[in-house]
Amino acid sequence: MNFVEATPETIARAAELLRSGRLVAFPTETVYGLGANALDPAAVERIYAAKGRPAKNPLIVHVAGSAEVLALIAEWPEMAQKLAAAFWPGPLTLVVRKSSLVPENVTAGGSTIAIRSPNHPVAQALLKAAGVPIAAPSANCSGQLSPTTAKHVLESLGERVDLILDGGPCPGGLESTVLDLTGSAPRLLRPGLITVTQIEEIVGRVEIAMETEGALPSPGLLAKHYSPRTALECAATAEEAGFLVNLYETAGLKVAKYELGNDPFSASAKLYAELHALDRGGFDRIIVTLPPETEAWRAIRDRLTRAAAEEESP
Ligand code: TXA
Ligand code: MG
């Protein structure tokens with residue numbers, strides 16, 4: 001098993017595999033996805049098995065564009081229409097009520113479906129060639145770091161994928177923003193590359209589920225998630241980071257101090273790739289200084305906090 005460069009020929013082969021119920025990993029503008037035909041429950045089951053993903057964690061369904069959502073949804077609120085017009089194809093996932101055509105295991109038994117149209121030429125070409133919606137979580141074993149290269153996918157899932165399409169490193173580097181549109185106001189379930197500020201410009205006030213609810217707002221949002229194997233610790237300030245590095249080094253540990261830099265976009269693009277690399281560096285600890293509490297850094301703060309969390313529950 002290896003990965004193949006995405007070309008018209010390998011994309012056609014991947015589309016054929018998807019239509020026959022197999023798993024294909026492919027690049028998107030955020031991270032690599034592990035795809036299956038979203039209308040084939042047996043194929044979708046293979047995703048859960050390959051990732052070791054809990055059955056209660058629903059999948060995102062990928063479509064070429066807004067025209068392809070109709071068969072999948074029971075209703076498409078005006079807010080969804082406006083947001084799709086503004087941000088699709090792009091890293092915004094919309095949660096709406098599902099149609100009966102969508103197999104139960106795609107939505108983990110729930111009545112809502114998460115949908116997005118990815119903005120990556122390989123993902124778009126694959127969706128068009130396959131002619132079916134593609135259910136795809138990030139192409140990594142459950143709970144681990146998301147893959148931003150074909151090599152990361154191979155290292156995490158290996159033989160469990162039927163074909164890995166290599167489209168180079170993902171430009172965005174962080175998973176999509178997930179927004180719930182089933183209530184009266186839009187609710188942020190997972191921060192991502194499209195910021196709350198950008199969404200509010202289109203549809204007004206957005207509720208932040210993570211701030212208002214004690215319980216899990218989204219079935220997949222476990223406290224501990226997106227983690228490197230090496231223990232990761234967040235420091236509130238650069239001084240605290242320096243103090244921690246000193247403390248651990250004095251205790252004889254090999255410590256990596258990870259700097260995010262000043263630009264949230266370039267920090268997102270390289271975050272997972274650098275954590276994957278640090279994971280192979282034989283460190284005992286990774287220390288990161290958390291970025292400022294501003295909108296532009298929200299998704300990175302979220303991922304780092306989850307990577308550092310010790311609890312897998314609730
Ligand atoms: O950027 C991305 O979104 C990538 C690429 C491949 O598109 N996909 C991705 O999928 O990150 P995954 O499975 O790693 O994360 C999907 C998230 C989970 O937190 C899941 O709980 C949530 O979306 N989700 C899926 N369906 C949902 C639903 N019906 N209601 C609420 N949350 C849902
Ligand atoms: Mg994931």
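**A guided tour of selected sites**

Begin by selecting Glu29, which lies in the loop between strand E2 (24–26) and strand E3 (33–37). Please note that the model on display is predicted. Glu29 has a relative accessibility of 7% and therefore counts as buried, the cut-off for that class being under 20%.

The side chain of Glu29 makes a polar contact with that of Arg116, at 2.9 Å.

**The tryptophan pair**

Now select Trp76 and Trp88. Which arrangement do the rings of Trp76 and Trp88 adopt: stacked, edge-to-face or tilted? The pair is tilted, with 5.8 Å from centre to centre and 45° between the planes. A search of the whole structure finds this one aromatic pair. Trp76 belongs to the loop between strand E4 (60–62) and helix H3 (78–87), while Trp88 belongs to the loop between H3 and strand E5 (92–97), so the pair ties together parts that are 12 residues apart in sequence. Both Trp76 and Trp88 are buried.

**The three-stranded sheet**

Proceed to strands E12, E13 and E14, which form an open sheet in the order E12-E14-E13 with parallel pairing. At the edges are strand E12 (231–235) and strand E13 (255–258), each of which pairs on one side only. On average, and with direction ignored, neighbouring strands of this sheet are turned by 25° against each other.

Select E13 together with strand E14 (residues 285–289): the two run parallel and are joined by four bridges.

Helix H8 (residues 238–250) lies across E12, E13 and E14 and runs at about 165° to E14. Helix H9 (residues 264–279) also packs on the sheet, where it touches E12, E13 and E14. The direction of H9 makes about 170° with that of E13.

**Two charges over rings**

For the last stops, display Lys254 with Phe283, and then Arg303 with Tyr226. Over which ring does the charged end of Lys254 sit? It sits over the ring of Phe283, 4.6 Å from the ring centre. In the second case, the charged end of Arg303 is placed over the ring of Tyr226, 5.1 Å from its centre.

Terms used. Residues numbered from 1 in each chain as written. Chains lettered and ligands numbered in written order. Predicted model: local features only at pLDDT ≥ 70, side-chain atom pairs only at ≥ 80, totals over all residues. Heavy atoms only, no water. Phe/Tyr/Trp six-rings, centres within 6.5 Å; stacked < 30°, edge-to-face > 60°. Buried < 20%, exposed > 50% of the residue type's maximum accessible area, 1.4 Å probe, protein only. Lys NZ or Arg CZ within 6 Å of the ring centre and 35° of its normal. Pairing = 2+ DSSP bridges. Axes fitted to C-alpha atoms, helices over the stretch in contact; angles between N-to-C directions. Contact = heavy atoms within 4.5 Å. Polar contact = N/O pair within 3.5 Å; in protein donor to acceptor, adjacent residues only side chain to side chain.
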